[in-house]
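Reader: I am new to this structure and would like to learn how to read it. Please take me through the sheet, the aromatic rings and the charged pairs in turn.

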Amino acid sequence: MLRKLAFGLAATAVMSSAQAQEVVLKVAHFLPPMSNMHAGFIVPWCDKIEAESKGRMKCQIYPAMQLGGTPPQLLNQVRDGVADIVWTIPGYTPGRFPVSEVFELPFVTTTHEATARAVWDFIDENAASEFEGLKRIANWVVGPYVIHLRDKELKTLEDFRGMKIRAPSRLGNRMLTVLGATPVGMPVPQIAESLSRGVIDAAIVPWEVVPATKTHELTKYHAEVSGGYSLTTATSIYVMNQKKYDSLPADLKKIIDDNSGRETSALAATAFRKGDEGGRAAASNRGNQINQIPPEEVERWKKAVQPVTDEWIADVTSKGYDGRKLYDRATELVKQYSKN
């Protein structure tokens with residue numbers, strides 16, 4: 001009898017210990033569940049950590065701002081513990097990532113995976129302090145931004161004049177201004193309504209978000225730059241509340257660690273690349289016109305936006321950094337990984 005009682009108490013203790021170590025991570029982001037980022041990266045990532053932890057660590061995913069607030073508030077939500085993990089765009093909170101935003105400068109980034117690896121290494125070397133209070137899981141860029149236009153083609157530098165264009169970030173605002181357009185800042189979820197009501201004439205977003213936002217249904221023309229470099233893009237972060245990470249037992253921390261870093265960043269970028277391919281196909285299948293800006297015209301655009309880079313270097317230098325060195329290192333890393 002005593003042996004049975006002891007065995008029962010021991011079993012109960014083991015079960016209680018196992019239950020105590022079960023972790024449910026609240027994962028939040030701003031796009032709907034049909035978005036490629038949700039289905040192509042976040043869900044597989046969550047499935048992987050659940051499988052590797054044998055069910056002891058799971059995700060509860062909250063897409064489309066289901067935890068409340070607006071996209072620019074996601075960063076505060078993860079810092080404050082409202083969410084345990086978020087995917088967000090640092091450009092929604094200007095000034096909080098002054099060094100790592102170098103990848104949002106015009107004509108800095110190339111392919112998705114190469115740039116993702118460059119972003120991870122660059123932040124490790126130069127901008128880790130910008131992520132204080134956060135456990136970095138992945139850093140990447142969302143892919144080349146394309147100009148999507150309601151009812152007017154854009155082929156030359158002069159065509160920017162007088163156009164109201166949705167801008168992706170602080171640097172995107174500045175870039176559009178020097179190109180001659182009027183930038184209109186807004187998060188991705190507001191694009192569809194703004195296009196349909198004529199608040200904006202065009203939007204700069206990657207192909208990946210086009211189907212989820214119905215941008216291909218609200219536009220007729222699309223302009224891509226040739227030459228292998230992006231007109232601009234946005235840095236993207238998948239980060240965890242540091243205190244939540246620190247509270248995990250060692251074996252669960254290792255699972256998070258094993259699913260973080262340079263190659264996890266590249267996997268996120270791969271999801272975006274596949275999403276870009278799907279978004280472009282959606283526009284093409286609808287009969288929309290996709291224009292490639294020829295190299296000689298791209299060179300004109302590069303010269304026009306050079307002040308944006310010069311101003312960024314000067315601004316970052318005024319904050320106590322070596323702006324030129326940071327810019328050169330970012331572009332060097334992109335070239336290094338692009339060769340591979």
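Author: This is a predicted model.

Reader: Is the pairing of S1 and S3 parallel or antiparallel?

Author: Strand S1 (residues 23–28) and S3 run parallel and are joined by two bridges. Val27 has Ile85 in S3 as its bridge partner.

Reader: In what order do the strands of the open sheet come?

Author: The order is S2-S1-S3-S10-S4, five strands with mixed pairing. From one strand to the next, the twist averages 20°.

Reader: Which way do the side chains of S3 point, and are they buried or exposed?

Author: Ile85 and Trp87 point one way, Val86 and Thr88 the other way, and all are buried.

Reader: Which strands does helix H2 lie across?

Author: Helix H2 (residues 36–52) lies across S1, S2, S3, S4 and S10, and runs at about 160° to S2. Helix H10 (residues 250–258) lies across S1, S2, S4 and S10, at about 55° to S2.

Reader: Now the rings. How many aromatic pairs are there?

Author: A search of the whole structure gives 10 aromatic pairs. To read one of them, look at the distance between ring centres and the angle between ring planes. For Phe30 and Tyr92 the centres are 5.5 Å apart and the planes are at 65°; planes over 60 degrees apart count as edge-to-face, so this pair is edge-to-face. Phe30 lies in the loop between S1 and H2, and Tyr92 in the loop between S3 and H4, so the pair ties together parts that are 62 residues apart in sequence. Phe30 is buried, with a relative accessible area of 4%, and Tyr92 counts as buried at 12%.

Reader: What is the geometry of the pair formed by Trp45 and Tyr238?

Author: Trp45 and Tyr238 are edge-to-face, with 5.1 Å from centre to centre and 85° between the planes. Trp45 is in helix H2 and Tyr238 in strand S10, so this pair ties together parts that are 193 residues apart in sequence. Both Trp45 and Tyr238 are buried.

Reader: Which residues form the aromatic cluster?

Author: One cluster is formed by Phe30, Phe41, Trp45, Trp87, Tyr92, Trp140, Tyr238 and Phe272.

Reader: And how do I read the charged pairs?

Author: Side chains of opposite charge can pair when their charged atoms come close. In this model the count comes to 21 salt bridges. One of them joins Arg170 and Glu101, whose closest N and O atoms are 2.4 Å apart. Arg170 is in helix H5 (residues 170–179) and Glu101 in the loop between strand S3 (85–88) and helix H4 (112–126), 69 residues apart. Arg170 counts as partly exposed at 35% relative accessibility, whereas Glu101 counts as buried at 11%.

Reader: Which parts does the salt bridge of Arg174 and Glu311 tie together?

Author: Arg174 and Glu311 have their closest N and O atoms 2.8 Å apart. Arg174 lies in helix H5 and Glu311 in helix H12 (residues 295–318), so the pair ties together parts that are 137 residues apart in sequence. Arg174 is partly exposed at 31% relative accessibility, and Glu311 is partly exposed at 34%. Elsewhere, Glu113, Arg273 and Glu277 are linked in a network of salt bridges.

Reader: Is Glu224 buried or exposed?

Author: Glu224, in strand S9 (residues 221–225), has a relative accessible area of 9%, so Glu224 is buried. The side chain of Glu224 makes polar contacts with the side chains of Trp207 (2.8 Å) and Gln292 (2.6 Å). Residues that Glu224 touches include Val146, Arg280 and Ile290.

Note on methods
Residues numbered from 1 in each chain as written. Predicted model: local features only at pLDDT ≥ 70, side-chain atom pairs only at ≥ 80, totals over all residues. Heavy atoms only, no water. Salt bridge = Lys/Arg side-chain N within 4 Å of Asp/Glu carboxyl O. Helix = DSSP H or I, 4+ residues; strand = E, 2+ residues; numbered from the N terminus. Buried < 20%, exposed > 50% of the residue type's maximum accessible area, 1.4 Å probe, protein only. Pairing = 2+ DSSP bridges. Polar contact = N/O pair within 3.5 Å; in protein donor to acceptor, adjacent residues only side chain to side chain. Contact = heavy atoms within 4.5 Å. Axes fitted to C-alpha atoms, helices over the stretch in contact; angles between N-to-C directions. Phe/Tyr/Trp six-rings, centres within 6.5 Å; stacked < 30°, edge-to-face > 60°. Lists of a residue's contacts leave out its neighbours within four places in sequence.
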